[in-house]
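I wrote them in the order in which I checked things.

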Amino acid sequence: MQQRISRRLVIKAVAGTPFCLAAAALAGPDGDRGDAAFRPNAYLTIAADNTISFRVKKCEMGQQIHRAIQAIVADELGADIDQVSLRQAPTLEKFGRVATGGSYAVPAFWQLYRPLIAAAREMLVAAAAQEWRVAGGEIVVRHARLYHEASGREAAFGDFAAAASGLEVPDDPPLRRPSEYRAVGKASGRADAAAILAGEAVFGIDVRLPNLRFAVLEKSPVVAGRLKRYDADAALAVPGVDELVKLDDAVAVIATDSWSAMRGRERLAAEWDFGEHARVDNESLRSRLADGNDGDWMAVRTEGDTVNGDLESNVERDPERDLILTYEMPMAQHAALEPVNATALVEDGRCSVWGPIQMASDAQRQIATRLGLPEAQVTVHTTLAGGSFGRKLELGFAVEAALIASKVTGPVQLLYSREDDMMHGGVRPPTRHEFRFRTSDDGSRIALDYDYAAASAYAQQDRSQLAHKGYDWTAALGAVDLPYAFDDLRIRQRDIDVPAVPFNWWRGTYRNHHAFASECALDEFAEHTDEDPLALRLRLLTRDLTVETFPNELSDVQAERLRGVLVEAAKRSGYDSVRGASRAVGLACHCYSDVHTYVAHAVDVSVDGRQVTINKVVAVVDCGIAVVPDSIVAQMEGSVIFGLTSALWGDVEIHEGQKWPRNFAGCRLMRMSETPDIDVHVIASAASPGGMGEPPLPSVTPAFLNALARAGGPRIRRLPVGDRLKLGANA
Amino acid sequence: MKYRLTINGRPRDVDADRDMPLLWVLRDVLSLTGTKYGCGQGLCGACTVLVDGSARRACLLPLGSVGERAVVTIEGLDATAKGSTLKAAFAEERTSQCGYCQAGQLMSAAALIERTPRPDDAAIDAALSGNLCRCGTYARIRRAVKRASRADDAATNLP
């Protein structure tokens, strides 16, 4: 099935890909191999010695997209995967926008970059055809070589690099057919595996430059607190501490090593005027989310009969029969193992920044503005990231590093301690969801009123994004594309703006919230009407859906694919047969429609009083073509652990405007001994590759919670599970 | 203050505060960045090194207490008896997602199979329980340790 190329992707491509006809116009800093190299676009370089390199714009944070991109390039070009070296693209204008997020790296790359690579291949073939005086169609391309089998001639790509450079870039080159894939669908491993295991891979925190110094930043633990005073002399007296840099309401301590910088910061004894935001706590947030008058209710989606634009329901409300359910999703920390950090150097009117930064171009722009430099004088280099899960979407730490460096000589690495990372980072926003299921007298029709309140991330980060719909559209992801065909459906959203607590998108964004609430609610409704939850879902997944998810972008939900993963998960888990007084399988599914990936989970649990044992988790995905199959499995496995951790223990406490806990002692993460048995099944599909960083996550939590309830345990409507249940040893 | 350490089999002289945790001596003074910082409180295991063969959290080990005991970091793992085998097993099992925890996991695993050549799942879980992996690759790590510990078995039929 042809996947629609969304406007979002086109805009990004046009911005990101100078598609010049004259290859020579694209020479630049990549000209380090001399004029004989073939550079048909800003990203691909084939040198005369046949070395192939490709500039990748994506931040590798464990989602293994670099390997997928390497495979796609290799196949389209006609090289072996390990003949293609990836190089990270810094924020140079010729590379266009450098940004990673939304799990759309692979889907977008598949749609937009294969034609560029195919064009390069065709140009090499044309150059060889010209030289050999044969038809291009007789030339076969493999292993970065060109073969004319009839005459026995062959050459390396590099032999024709110069000749190909003189040719016009074709507009509509043929793409590889699936039968020709050698890496896509088959590749495994990763190019940097050995480096990681040797301790040689360079994460942001590992960046080392000559004369590098280290800094930590004393900032208000409460948002917008004012710095009243601090003891500069005491900090400077600490051995190793070189100097202090004062920013707005913050002090950077710069030292010859990270630890001395941290010790120097302790001696600052900074005093703060915390201000009005010190009044916020968890209860005040919960109250605002529960207060239906705090903000406007905005229509997200409405289906059914309407009269004069108002939904005229086929199904009357009936207090006796209606099922009203409320769910609450708390805040959560990202807790990536590498805390945020950035290394910056400002000299001679130029600024260079290195770090595990997902939004490099945005960082470049903000840094240029803050430093008063032209954007072209600011370069951001994306490094490997030790996990992110959304944490490294933020720009603050990169901007701070640049500001600090702008006031001193030499490079400085700004390091956030674990406490800094948890104290200052934006957290997953809290939400509250209310479902009102109504059934007709004869039970044949179901209507749903789904109202939810969401603390808005965009209200803090970019208010211009609220203009499009009048609400934070990211908070509607997972609701606007709710896949079930109710007879009447009314979905409404109410944003709350909470300046006192920093929010950021967390892996899966608000889809986690909606999947948790709606997949649990559906199970509860099924129980209420005495119908099997799987049967109910299959009965309601009857039609495809096309809705606007991202601004001006339509996404599809294909019911058949969602039914497919659900049925497979049920089958593989023994959903029907595994049912005892205290043991059951719970199901949930989710369609991550904007990156067209379909996932279902079946969780087999046993409940004994307050102890729950997770016997097995079955995870099924339909992500279209699985470009690097084992990495798909890895993302599914990892998400199960990430999701269970969050359901069981994920929470953030706010006391007087300050976030706790600040280290792992209070932020419990699942350990090796607690890992359940996970069985992953990847559905074979020829559809375009979907995204895999986030899509495997949303259905984990509700599948687990549904299993708990079905096994005779509690029905959890407010996360985390916490002390209500203890995780037992695995069967 | 000056200290002579033994890092990966070599004497290394450093001049730093006696309270500086070994982690920062390694990363910032010696630029051996393979050992990672994750929490600074011994809670995550990312900073695990071997000190006389035992797994220790370098973030909690003050420089002044190390002496000339043999410190092995991820950079020196190959020189240990099972180091290369472990790394090969981790690579075979494709344990790395973000990769940040891997050095610490390897060092804990190295300490384990040095004292328990054939650990079962429970022993592996116990020894590596202090090594957090946010990406959730635990099952692969466990399989890798098993694989490495049985790599010398003549009877082992490795795929």
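Is A:L566 buried or exposed, and why? I am working from a predicted model, and in it I found A:L566 within helix α16 of chain A, which covers residues 559–573. Its relative accessibility is 0%, and because buried means under 20%, A:L566 counts as buried. I then listed what A:L566 touches, leaving out residues up to four places away in sequence, and found A:L534, A:R537, A:L538, A:L541, A:A588, A:C589 and A:A600. I also looked up A:R226, which is 340 residues from A:L566 along the chain, and the C-alpha atoms of the two are separated by 52 Å.

Entry on confidence. The mean pLDDT of chain A is 93, and 94% of its residues reach 70 or more. I noted an exception for residues 1–33 of chain A, where pLDDT stays under 50, although the model has 70 contacts for them beyond four places in sequence. Where pLDDT is low, the predicted coordinates should not be read in detail.

Entry on the nonpolar cores. Which residues have the most contacts inside the largest nonpolar core? I found that this core has 177 residues, and that those with the most contacts inside it are A:F437, A:F486, A:F704 and B:L22. Helix α17 of chain A, residues 629–649, supplies the largest share of this core, ten residues. Apart from this core I noted another, of 61 residues, which includes A:V56, A:A68, A:I69 and A:V73. For A:F704 I wrote down the contacts, again not counting residues up to four places away in sequence: A:V603, A:V605, A:V612, A:I614, A:L644, A:A647, A:L648 and A:V721. As general background, nonpolar side chains in soluble globular proteins tend to be buried together.

Entry on the seven-stranded sheet. I traced an open sheet in chain A with the strand order β9-β10-β7-β19-β16-β17-β18 and mixed pairing. Its edge strands are β9 (241–247) and β18 (378–382), each of which pairs on one side only, and the twist averages 25 degrees from one strand to the next. Inside the sheet, β16 (residues 341–347) and β19 (residues 412–415) of chain A pair in the antiparallel sense over four bridges, with A:A342 opposite A:L414 in β19(A).

Entry on strand β20. How many residues of strand β20 of chain A are buried? I found that seven of its nine residues (431–439) are buried. Strand β15 (residues 323–329) of chain A is joined to β20(A) by seven bridges, running antiparallel, and the bridge partner of A:T326 is A:E434. Nine antiparallel bridges join β20(A) to β21 (residues 446–455) of chain A, where A:E434 stands opposite A:D451. The hairpin of β20(A) and β21(A) has six residues between the strands, and A:G443 takes a positive phi near 75 degrees in it.

Last entry, on helix α14. This helix of chain A (residues 511–528) reaches 25 Å from its first C-alpha to its last, close to the 26 Å expected. I noted that 16 of its 18 residues are buried, and that α14(A) is followed by A:D530, whose phi is positive, near 60 degrees.

Key. Residues numbered from 1 in each chain as written. Chains lettered and ligands numbered in written order. Predicted model: local features only at pLDDT ≥ 70, side-chain atom pairs only at ≥ 80, totals over all residues. Heavy atoms only, no water. Core = buried A, V, L, I, M, F, W, Y, C linked by side-chain atoms within 4.5 Å. Buried < 20%, exposed > 50% of the residue type's maximum accessible area, 1.4 Å probe, protein only. Helix = DSSP H or I, 4+ residues; strand = E, 2+ residues; numbered from the N terminus. Contact = heavy atoms within 4.5 Å. Pairing = 2+ DSSP bridges. Axes fitted to C-alpha atoms, helices over the stretch in contact; angles between N-to-C directions. pLDDT = per-residue confidence, 0-100. Expected span 1.5 Å × (residues − 1).
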